[in-house]
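Keep the sequence and the model side by side as you read.

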Amino acid sequence: MSDTRRRVKVYTLNEERQWDDRGTGHVSSTYVDRLSAMSLLVRAESDGSLLLESKINPNTAYQKQQVQGRDPSLDITQDIIDESEEERFEEMPETSHTVDLPPCELNKLEEIADLVTSVLSSPIRREKLALALENEGYIKKLLQLFRVCEDLDNTEGLHHLYEIIRGILFLNKAALFEGMFSDESIMDVVGCLEYDPSLPHPRKHREFLTKTVKFKEVIPITDTELKQKIHQTYRVQYIQDIILPTPSVFEENFLSTLTSFIFFNKVEIVSMLQEDEKFLTELFAQLTDEATDDHKRRELVNFLKEFCAFSQTLQPQNRDAFFKTLANLGILPALEIVLGMDDVQVRAAATDIFSYLVEYSPSMVREFVMQEAQQSDDDILLINVIIEQMICDADPELGGAVQLMGLLRTLIDPENMLATANKTEKTEFLSFFYKHCMHVLSAPLLANTDEKCGFKDAVVDESHGSVAFCSDNFQTVQLLALILELLTFCVEHHTYHIKNYIMNKDLLRRVLVLMNSKHAFLALCALRFMRRIIGLKDEFYNRYITKGNLFEPVINAFLDNGTRYNLLNSAIIELFEFIRVEDIKSLTTHIVDNFYKALEHIEYVQTFKGLKLRYEQERDRLQNQKLSSVPSILRNNRYRRDARALDDDEEMWFNEEEEEGEALVPHVEKSKPDDDYPDSYGKFLETKKAKESEDKENLPKRSSSPSFKFTFSHTCPSSTANGTNGTNGKSSAAQTTPATSTSSSSKHTSPTTAVTTKGGLVGLVDYPDDEEEEEEEEASPRKRPRLGS
């Protein structure tokens with residue numbers, strides 16, 4: 001039976017009840033004929049002498065130091081192996097490098113199967129068994145027995161051979177695979193694996209591999225070694241993917257070497273093909289030749305697809321060389337030709353090849369199309385061919401269109417664009433894309449939302465007076481959703497270019513037509529496009545939205561949705577909640593001014609009431625700001641041209657005049673705390689004129705008093721103009737020359753005015769302030785208005 005030896009210490013109990021150390025040995029279990037039972041044997045590590053022989057009794061509970069054995073009620077007792085002891089055992093030198101294999105005979109197949117199955121749980125025993133199989137050429141003998149069993153129709157033996165070959169594969173040894181997968185042996189290995197005992201009938205894998213599968217050489221391969229490697233790789237891949245059952249959690253690492261075997265085979269195939277320049281040159285020549293028939297071209301494209309798939313196994317450095325070789329041979333121009341063909345299989349394979357190129361180096365593809373644009377029309381540019389293939393995908397589920405959309409997004413993603421000192425790929429490529437390609441991408445969207453085109457799939461919503469998109473063509477709706485997804489990506493990543501495009505095409509208005517689609521996912525795509533625009537918090541976009549009243553279709557869709565609690569309802573509320581939380585003032589004002597009456601009844605969320613609160617807070621803030629900008633002279637009951645506060649000397653001079661007699665320029669009541677500055681100024685002029693009239697009428701009744709002359713000077717009254725009085729009460733007007741400020745910050749001179757009354761000459765003269773007042777004026781946000789009679 002199997003070699004189950006473990007390294008142990010042997011102790012024996014002597015007559016004095018003391019334990020004697022007998023030494024270290026290896027324990028194993030084997031069947032002993034003279035005992036007619038399984039026995040436990042311990043042989044000395046030093047010389048292999050027998051230290052202990054004991055018959056195994058299933059009813060005895062064996063115990064290892066500090067480890068209890070299994071329940072004695074079990075049929076057989078088995079020690080629990082400590083992992084640390086297993087690791088120590090692996091490091092110890094072995095006196096026996098192999099296990100004893102039973103003779104390779106028909107009557108021993110069951111015993112061989114049990115042996116192979118039993119070693120799979122132990123890495124050490126797997127190593128020993130693999131070494132024994134390799135040294136003795138055991139696998140070839142087993143395959144000879146397989147042919148004998150098939151000839152004899154020995155079903156039981158074939159079932160045992162299935163277990164044996166499957167177990168050998170799970171040994172996970174590359175040295176064994178080399179022999180098993182050779183041209184002489186691999187079909188017999190596949191034959192053994194046809195006889196799964198769990199199946200009622202054997203499979204016919206060999207028939208499939210030899211008769212159904214045909215190896216096609218689209219370009220003749222002259223290298224015999226390369227051809228054999230291709231055959232071997234396909235068959236081993238078939239064994240792993242089709243024949244062998246899916247490994248369980250405990251077996252997932254058993255076939256890791258088999259996976260590596262396939263991997264390195266593919267690396268060799270790619271390297272050998274890449275080095276054959278004649279082969280690849282002929283391949284691309286036939287692929288682009290107009291005389292090549294469609295069937296031949298399909299085979300060439302499929303071969304190239306598989307060739308590129310194998311390249312994914314290469315190391316980064318080797319993969320770089322591989323794709324550079326393909327680029328030099330003209331793979332991109334070749335793809336441009338085959339992508340435009342009518343053959344669906346050819347286009348699908350070409351799309352897969354293009355995806356390998358884009359994933360490897362999007363910059364390489366971008367560089368090609370920009371150079372191509374200098375020599376070709378827009379219609380035949382590679383990217384436009386890709387966009388057209390996406391738009392014209394005949395698959396009802398748009399599987400190809402989804403794949404192409406992902407490739408386009410990779411190509412227009414600024415995150416993978418290079419920026420060097422001499423070249424900025426982002427600027428150049430995005431300019432190219434919006435000039436030559438964007439109109440192709442957006443064409444279906446614009447065509448399906450254009451009132452001038454008649455709206456074949458649209459109806460007029462009379463309740464809102466708007467055009468409602470309601471296409472019954474599900475494929476078209478899916479395509480529009482894909483296009484909107486790309487445009488939304490552009491809004492997030494192409495700030496300048498997409499902004500200009502949206503404004504020039506009034507694109508958001510066209511997109512919001514889709515809010516009326518009966519397909520909820522399309523309406524959500526349109527809403528998401530607007531949400532991304534608003535999420536940028538760009539006032540340029542905000543003005544575009546408010547000026548165009550572009551919230552109206554969103555509000556209409558929200559109201560039409562009614563009380564249904566669905567994704568559309570939540571998405572629209574989230575849009576307005578974002579505006580409220582981020583306090584986007586221009587949008588808040590627009591929404592409240594235009595739509596609040598339609599939304600104020602919604603109380604299951606506080607979003608719209610919150611918008612109204614934001615609106616009122618902003619209105620109050622603006623009013624307070626305007627009030628703070630009212631000239632201080634209005635708030636201090638004084639009106640002068642500059643609206644500057646009077647200095648202390650002038651205030652005392654006014655007070656003295658009021659004590660002597662009634663002031664000729666009456667005080668004005670304090671202005672109202674509101675935005676009524678022009679009204680206050682008008683009232684002041686009316687009061688002033690009324691007072692002048694009153695003075696003229698009542699002057700003779702007043703006590704005789706000298707004429708008064710208001711003279712304002714920067715330093716003292718003596719610097720003002722002089723006036724003359726008559727005793728008969730007649731007065732004359734006098735001109736005053738304003739003083740010029742010496743401050744460097746004041747460069748102007750103010751006009752002066754004199755008011756003549758019977759009571760005297762009143763001069764309302766503007767004057768330059770002192771340097772401190774001029775500094776305050778400089779810090780003022782705007783020039784305050786001058787006051788004059």
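Contact means heavy atoms within 4.5 Å. This is a predicted model, in which local features need pLDDT of at least 70, side-chain atom pairs count only at pLDDT 80 or more, and totals for chains, interfaces and linings use all residues. Residues are numbered from 1 along each chain as its sequence is written, and side-chain values use heavy atoms, with hydrogens and water left out.

## S355 in helix 15

S355 sits in helix 15, residues 344-360. Helices are DSSP runs of H or I, at least four residues long, numbered from the N terminus. S355 has 9% relative accessibility, so the residue counts as buried. Buried means under 20% relative accessible area, with a 1.4 Å probe and protein chains only. Setting aside residues up to four places away in sequence, S355 touches Q403 and L407.

## Helix 26 against helix 28

The axes of helix 26 (residues 552-561) and helix 28 (residues 585-599) come within 12 Å and cross at roughly 5°. Axes are lines fitted to C-alpha atoms over the stretch in contact, and angles run from 0 to 180 degrees between N-to-C directions.

From helix 26, E552, I555, F558 and L559 meet F595, A598 and L599 of helix 28. The contact residues divide into six nonpolar, no polar and one charged. Ala, Val, Leu, Ile, Met, Phe, Trp, Tyr, Cys and Pro count as nonpolar, Asp, Glu, Lys and Arg as charged, and the others, Gly among them, as polar.

## H590 in helix 28

Helix 28 also holds H590. H590 is buried, with a relative accessible area of 10%. Beyond its neighbours within four places in sequence, H590 contacts T546, N549, F551 and F595. H590 and T546 are 44 residues apart in sequence, yet 6.4 Å apart in space, C-alpha to C-alpha.

Notes:
Helices (H or I, at least four residues) and strands (E, at least two) are DSSP runs, numbered from the N terminus. Buried means under 20% relative accessible area, exposed over 50%, partly exposed in between (1.4 Å probe, protein chains only).
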